Amino acid sequence: MTLPGRQRVGRGTTWVGELSFGAAGIGNLFTPVSDDEAADTLAAAWESGIRSFDTAPHYGLGLSERRLGAALRDRPRHEYTVSTKVGRLLEPVPGPVGDDLDNGFAVPATHRRVWDFSADGVRRCLEASLERLGLDHVDTVYLHDPDDHAEQALTEAYPALERLRAEGLVRAIGIGMNQTAVPTRFVRETDIDVVLLAGRYSLIDQRGLADLLPEAHRHGTSVVVAGVFNSGLLAAPGPEVTYDYAPVPEAMLRRALRLQEICERHGVPLRAAAARFPLGHPAVAAVLIGLRNATEVLDAVEQFRRPVPDGLWHELRAVGLLAADVPVPCGDADRRPPGDHRGSLRDP
């Protein structure tokens with residue numbers, strides 16, 4: 001069984017599933033996950049039809065990549081896609097080590113991260129990822145959070161990615177960030193295939209509409225949206241949850257609770273509407289959801305498959321929770337407007 005909705009990545013030769021697996025959780029993001037739990041989580045994802053997986057060296061100092069590679073090792077390579085990231089090299093730390101919780105991961109700090117967006121650093125980073133994953137290529141590779149390294153990423157790392165794409169070590173290249181200014185510049189000035197945008201195009205935060213999404217649509221660049229729950233607020237809003245990994249502002253909490261009230265009146269959980277919402281924009285190819293156990297996998301798939309009535313989107317617009325010009329996935333079965341660049345694998 002596979003989930004419907006495989007979208008071509010940019011103008012390239014690979015694809016991404018509309019619901020994709022974010023593998024930071026199985027890299028022990030914030031709390032430990034055992035090897036068996038991680039294997040069960042990935043098995044549940046496969047059995048539920050998920051076929052696109054995103055990871056990074058940053059996630060658990062390589063633990064996420066190793067666990068993902070082990071889970072996929074005996075799967076047919078043509079049936080799934082994997083994305084990883086470059087920009088942080090992992091260097092061994094000699095002697096006794098503590099933990100990596102200062103960086104958000106419950107793993108021993110056996111390595112340190114070294115920012116490196118040089119051409120050599122990009123190649124070394126990808127080669128190390130391929131070894132951890134046990135693969136001879138990845139489908140997509142992203143420049144990972146080059147906020148303070150934008151010029152080097154543009155002038156050194158990006159040409160290196162072009163060469164890796166030409167060599168076949170990657171099928172698509174892109175940039176992954178939780179801001180829009182730098183990715184928008186890359187869309188305008190380079191030939192990237194895809195942007196991974198975290199937390200800036202959600203049911204409560206549509207800052208990506210100001211620049212990145214229209215520019216990506218204009219250039220035929222795909223966008224994969226992560227952080228659709230804004231670190232928990234749109235999954236289960238309450239004073240104890242976070243918004244973008246920080247205490248939620250009171251005004252934002254009130255807005256989320258109002259969104260939840262309207263969703264429930266239409267018989268739809270807030271997290272289902274939040275998961276579907278980004279796909280209303282014609283530049284968005286996929287939604288990436290971080291999953292850390294089998295229960296979360298099954299819930300994510302159930303919510304993603306749940307029909308969202310058009311009336312819900314209409315009411316959110318009517319009460320001012322969505323602006324009139326924000327695209328929504330009305331008529332999910334036929335939501336692409338004329339001129340939409342995305343291509344299904346059914347019509348390559």
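I begin with a crossing: helices α1 and α2 cross in the right-handed sense, meaning that the near helix is turned clockwise from the far one by less than a right angle. This is a predicted model, in which local features need pLDDT of at least 70 and side-chain atom pairs count only at pLDDT 80 or more, while totals for chains, interfaces and linings use all residues. Residues are numbered from 1 along each chain as its sequence is written, and side-chain values use heavy atoms, without hydrogens and water. Helices (H or I, at least four residues) and strands (E, at least two) are DSSP runs, numbered from the N terminus.

The axes of α1 (residues 35-47) and α2 (residues 63-72) come within 10 Å and cross at roughly 55 degrees; axes are lines fitted to C-alpha atoms, for helices over the stretch in contact, and angles run from 0 to 180 degrees between N-to-C directions. The two helices, α1 and α2, are therefore oblique to each other. Contact (heavy atoms within 4.5 Å) involves Asp35, Ala38, Leu42 and Trp46 of α1 with Arg67, Leu68, Ala71 and Leu72 of α2.

I turn now to the sheet. Eight strands form a closed barrel in the order β3-β4-β5-β10-β11-β12-β13-β16, with parallel pairing; two strands pair if DSSP finds at least two bridges between them. Strands β11 (residues 170-177) and β12 (residues 194-198) pair in the parallel sense over four bridges. Met177 has Leu197 of β12 as its bridge partner.

Note on methods
Parallel < 35°, antiparallel > 145°, perpendicular 65-115°, else oblique.
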